[in-house]
Amino acid sequence: MGIRFILMVNKQGQTRLAQYYEWLTLEERRALEGEIVRKCLARNEQQCSFVEHRNYKIVYRRYASLFFLVGVDNDENELAILEFIHLLVETMDRHFGNVCELDIMFHLEKAHFMLEEMVMNGSIVETSKANILTPIQLMDKSS
Amino acid sequence: MAMHGMRGLSIFISDIRNCQNKEQERLRVDKELGNVRTRFKNEKGLTPYEKKKYVWKMLYIYMLGYDVDFGHMEAVSLISAPKYPEKQVGYVVTSCLLNENHDFLRLAINTVRNDIIGRNETFQCLALTMVGNIGGTEFAESLAPDVQKLLLSSSCRPLVRKKAALCLLRLYRKNPDVVNVDGWADRMAQLLDERDLGVLTSSMSLLVALVSNNHEAYWTCLPKCVKILERLARNQDVPQEYTYYGIPSPWLQVKSMRVLQYFPTIEDPNTRRTLFEVLQRMLMGTDVVKNVNKNNASHAVLFEALAFVMHLDAEKEMMSQCVALLGKFIAVREPNIRYLGLENMTRMLMVTDVQEIIKRHQAQIITSLKDPDISIRRRALDLLYGMCDVTNAKDIVEELLQYLSSADFTMREELSLKAAILAEKFAPDLSWYVDVILQLIDKAGDFISNDVWFRVVQFVTNNDDLQPYAAAKVKEYLDKPAVHETMVKVSAYILGEYSHLLARRTGCSPKEIFSILHEKLPTVSTTTIPILLSAYAKILMHTQPPDQELQNQIWAIFNKYESCIDAEIQQRAVEYFALSRKGAALMDILAEMPKFPERQSSLIKKAEDSEVDTAEQSAIKLRAQQQTSNALVVTDQRPANGATPSVPVSQLSLVKVPSMISAEDHTSTNQALSEENGTLRKVDPQPPSADLLGDLLGPLAIEGPPGATVRSEHNAVSRLEGGLDAVDGSAIVPVEEQTNTVQPIGNIAERFHALCLKDSGVLYEDPYIQIGIKAEWRAHHGCLVLFLGNKNTAPLISVQALILPPAHLKMELSLVPDTIPPRAQVQCPLEVVNLWPSRDVAVLDFSYKFGTYMANVKLRLPAVLNKFLQPIPVSAEEFFPQWRSLSGPPLKLQEVVRGVRPMPLPEMANLLYSFWLMICPGLDPNPNNLVASTTFYSENTRAMLCLIRIETDPADRTQLRITLASGDPTLTFELKEFIKEQMVSMPTAPQAPAAAPPVPPAAQPTPQAPQIPANDPASLLADLL
């Protein structure tokens, strides 16, 4: 199935964006996010970007104060996901110009729309930044 | 107005951000929820913009982890808003908040469908995305045809089609029938001709799901995927937007290789060549560069290529390149690459025979076991576990034991379970096994499940030589100041049974043994006390002549526990006290425990069961499953490494504590109990019993002499079942010698047929032995190795292996030992020389004795005709002169075969190729015909070219005409018959006789036979017939 969820969490452990591609109840989400955030935030720069948790593998990357955590199946290509995170960040960069935590916080809907253009049901839909951003630019123009 | 509305959202978000603590946050959220709720109540007054704003607030609150149990209707209703911004919010938020079974979703199904079939592209995209994310079965039923139409439509733009592809994937997962449409596979193949990389990226994900489920149906997609991969790898016509740090979409490259890994092999020589060139470039052309992103992206592709090459497992040279690369990766400092190196090396173990090369890296891997990063340590542990075999078990297990003391708690359980399994599987000798398990209990008692010590007890009980050693060893541990309770349990059991074997050693008199055991009693829990009581009773029984003082001491203890609140303890105390007054009869009643029946290790079983199942089986796992029959004997139960790392505690501690109820049951009558024990032990030769503790502890209480057991069993059985006559009763008791009572595991004929097509695997298996085969063929020589593996903890004796070769094979089997030690594997090489072509089959006559069982089996050996073939491609220039020069019988034979198992042409081509007949495409212009060539080797014929032509009739797939030509009449005949047999019978059909063709040969072509029109373009061939 590929990607199970995408989380953006700041270094205080606050969730800034959460997108799940499988149904979990609120309690399950809370527990999962708590465990994963605890595990990943405790790691240092010299450690690898992959953490095994239950039957997920978490591929994560840190940008300044923000962690991007992607939960995938055990047999997913880890490095491809790691660079997919970077592609997401670059896409946000192109739209917001030097994206930061606040951009994502206060433009949650845009972050969601971008993600929607990139991932569907856990699979990658699009990797061209121009194509990803077209609908959002369209919307910006119309409003 | 719009800006104002969303400003409300911003204010709310910054309020939340300014909250000092969780409590403030909760208050703010509650306030907002109240506000939104009231606004939604008088919905009529709400503008769509306001609705939008509130719905976003809901999503935000939900993301923070607060339950939002209202407003779903409002979110869904936005879907039907006429304007894009509201509609978009409706779709996005709905797919975040609702799950597929939500009732409101059903209400929206019509709106969604209208958006999908409507003319507005952006609406189409929104609807497809939502259905793709949360669509359920109802959506699958009502929307699939529309979605398919969009995906395949030539007028639709890529932005819609890429979403349609993943939407269809969702619907397919909900209802696989949505692709059961005529010609769907061909349309999928056409779809892959698409140039747009977005559409290809998402279609590839759809294809992975389809192919993982049924690769045969989609074989036409295979060359297309190779083309796409080639296009990307060579950077042909890849738009800048799809190039990532100079690498053409790494994600699509990875996905294409993923799809290809679901096909078992790639036969078409051209496709194969292209593919291997591409893979070769990936393997050798990936350099380490400074830019992290570029480096990661290129290595993502490289690791996928590695996995793919492993899957193909074809080119020796490429495989060794892979091993070399992985060897390099596991030694680098960069943690990601090292992690992936370890992970992929573990996968490699599962698919190919590279154990020896990987062993060279053992020291390096052990270094990673001590890495500060737990992710890397886990990978190293898995790899060590996977690469362990008899030769390195001692080193690896000792490393694990050493590491156990310093390992963090999260890993100890897994570590100790793995160490226990390895020790059991690969013990070079059983005393070492006992050492390891006792060390494990000593160092990590809290993490050792009961299964582990039960297993030690079974081994010790079943091996007389081991008993004094184990008894001495546990005593050493008991002498230590702090002893884990599990150690007390295992020591009590073993000393109770076997301490009398040590009686002559200093410090091991019954009294001394009793006192070191009894010292522990105050420290243990109620589950251990019964075991101690049993040990006391046994010690007392073994003390001959009786020691009055010891007896008084022990009776006093029994007396004390007669009024114990725990029923199990009380019962034992009462019974032992009464029994120990019976004097000499005690000897019989408390006799040594009988041997345990052989059973699969519950630990290994547990490790196997813990595999996580995912909806789509990964290619590597699928392959590993196919491969398990390949692994030989002791290693055959190796669980899939990638998936075993953690066994949850709940599973591990499956303790069966004797309950009060069962205790009462046991006491009802002596007879009933010994009946139960008797049947348990004798009727049940292999399946693991769940009631391990019952097995170990129960019989101790009332154990009659063997004869008495049998007798009482008869009584009990006849008493219980009334009419059951004595003969039936005695059938379950092993009588002196029983021949052939051993049931084989698996289908012998199927195993044989599988081995006809591959060179290693299991030839035969029953509860006691596994016979594996590994073969290498070079021209007319063959070297087979028989692996005889004893699966038991007791030896197999009177082992005999006789080869009955047919006239055309010279066979020489090296010495087969008369005895196979417990859990050992012996290898017996068998040399084969092929003298002339023949389809006759060699037979292995194998027999052994286990306890009172005698087994004898006759097994066909897979030294069959096709093993002496080697595929060789032949060009038209070579083929036709040969074909003409071999002009007729007996060198060229033709036959019409009827009753052929109907199969599509590609499948037939695969079948032929599996027998090493090389298909030469393009030689016969008629697409319904196949032309193949191969070289046959025997001492008489030397290397001889064989040419084959098969003409099929598309109107009637049950008949075909086969023409075979070679320079040797026997070869021509035999090979023709051989192919015929393969076409007529299912290769896996049980009992398919190898020697007798099931269909009477119809040597003369009949007039109405194959439908070859007069104007057959294949006249070049036909004129020679």
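Let me begin with the contact between the two chains: about 5,800 Å² of area is buried between chain A and chain B, with carbon and sulfur atoms giving 55% of it, where buried area is the accessible area (1.4 Å probe) that two parts lose on being put together, summed over both. This is a predicted model, in which local features need pLDDT of at least 70 and side-chain atom pairs count only at pLDDT 80 or more, while totals for chains, interfaces and linings use all residues. Residues are numbered from 1 along each chain as its sequence is written, chains are lettered from A in the order in which they are written, and side-chain values use heavy atoms, with hydrogens and water left out.

Staying with this interface, 61 residues of chain A and 71 residues of chain B take part in the contact, contact meaning heavy atoms within 4.5 Å. Six salt bridges are counted between chain A and chain B, a salt bridge being a side-chain nitrogen of Lys or Arg within 4 Å of a carboxyl oxygen of Asp or Glu. One of them joins A:Glu117 to B:Lys163, whose closest N and O atoms are 3.0 Å apart. On the side of chain A that touches chain B, the largest share, 10 residues, comes from helix H2 (residues 78–96) of chain A; helices here are DSSP runs of H or I with at least four residues, numbered from the N terminus.

B:Val259 counts as buried because its relative accessibility is 0%, and buried means under 20% relative accessible area (1.4 Å probe, protein chains only). Leaving aside residues up to four places away in sequence, B:Val259 touches B:Met204, B:Leu207, B:Val208, B:Val211 and B:Cys225.

Finally, the aromatic rings: which type of pair do B:Trp453 and B:Phe454 form? Rings of Phe, Tyr and Trp (its six-membered ring) pair if their centres lie within 6.5 Å, and planes under 30 degrees apart count as stacked, over 60 as edge-to-face and the rest as tilted. By this rule there are 24 aromatic pairs over all chains, and the pair of B:Trp453 and B:Phe454 is edge-to-face, at 4.9 Å centre to centre and 70° between the planes. B:Trp453 is buried, at 0%, and B:Phe454 is also buried, at 3% relative accessibility. Ring pairs also link A:Phe84, B:Tyr244, B:Tyr245 and B:Trp251 into a cluster.

Terms used:
Helix = DSSP H or I, 4+ residues; strand = E, 2+ residues; numbered from the N terminus. Buried < 20%, exposed > 50% of the residue type's maximum accessible area, 1.4 Å probe, protein only.
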